[in-house]
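Welcome, and please open the model in your viewer. We will go from one selection to the next, with a short note at each stop.

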Amino acid sequence: MAYLFILSGSIIWGVGTKLPSGTFTRRKRTIEVHLDFLAEVMEKKISLSCNPITWKTYVCCLVGLMVSLVPAWVQEVKVDTLRKLASGLSRWNEHELALSLLHRGGKAAMGALAELVNVIESEHMSPCS
């Protein structure tokens with residue numbers, strides 16, 4: 001499903017930043033709504049009835065594809081949504097993907113990136129219980 005979302009979105013909306021304003025607005029809104037939904041589920045504000053492994057695979061695949069193939073889309077997402085997604089990915093020990101997501105978020109996401117780096121470093125420095 002993640003591949004289909006990225007492929008069809010790329011064909012319909014394009015992957016770059018230079019788009020007609022109507023196309024840009026539709027792309028931004030669609031991506032924003034979908035990633036907001038993912039973030040809400042990751043924060044356990046919404047419950048899904050699918051297999052947790054299927055869910056994790058979908059989220060990691062979608063975010064990985066966005067980070068590597070359509071980074072311009074990531075910059076269109078609210079920083080708060082990126083922060084929530086990155087925190088959820090980090091809880092799954094997907095630290096590299098979480099950091100890449102925030103990095104692709106641009107200047108606006110640098111504060112969230114620094115916070116996540118501190119959290120990850122403190123987790124690795126604390127003694128195992």
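Before the first selection, one convention on residue classes: Ala, Val, Leu, Ile, Met, Phe, Trp, Tyr, Cys and Pro count as nonpolar, Asp, Glu, Lys and Arg as charged, and the others, Gly among them, as polar. Bear in mind too that this is a predicted model.

**Stop 1: the largest pocket**

Start by selecting Val41, Lys44, Pro52, Trp55 and Trp92. Among the 14 residues lining the largest pocket, these five are the closest to its centre. The space in this pocket comes to about 350 Å³. How do the residues of its lining divide into nonpolar, polar and charged? Eight are nonpolar, three are polar and three are charged.

**Stop 2: the largest nonpolar core**

Next, select Leu62, Met66 and Leu89. In the largest nonpolar core, which has 37 residues, these three touch the most other members. Helix H1 (2-13), H2, H3, H4, H5, H6 and H7 each supply at least two residues of this core, and H3 gives the most, with ten residues.

Keep Met66 selected and show what surrounds this residue. Which residues is Met66 in contact with, leaving aside its neighbours within four places in sequence? They are Ile6, Ile31, Leu35, Pro71, Trp73 and Val74.

**Stop 3: helix H6**

Move on to residues 95-104, which form helix H6. Show the side chains of His95, Leu97, Ala98, Leu101 and Leu102, which are buried in this helix. Following H6 you will find Gly106, with a positive phi near 85°.

**Stop 4: His95**

Finish by zooming in on His95, which has its place in helix H6. Why does His95 count as buried? Its relative accessibility is 14%, and buried means under 20%.

Draw a distance from the side chain of His95 to the side chain of Ser90, and you have a polar contact at 3.1 Å. Then select what His95 touches, not counting residues up to four places away in sequence: Ser90, Ile120, Glu123 and His124.

Methods: Residues numbered from 1 in each chain as written. Predicted model: local features only at pLDDT ≥ 70, side-chain atom pairs only at ≥ 80, totals over all residues. Heavy atoms only, no water. Buried < 20%, exposed > 50% of the residue type's maximum accessible area, 1.4 Å probe, protein only. Helix = DSSP H or I, 4+ residues; strand = E, 2+ residues; numbered from the N terminus. Polar contact = N/O pair within 3.5 Å; in protein donor to acceptor, adjacent residues only side chain to side chain. Contact = heavy atoms within 4.5 Å. 1 Å grid on protein atoms, 1.4 Å probe; cavity = no way out; pocket = protein on both sides within 12 Å on 5 of 7 lines; lining within 4 Å. Points joined across faces, edges and corners; volume = space filled by probe spheres on them. Core = buried A, V, L, I, M, F, W, Y, C linked by side-chain atoms within 4.5 Å.
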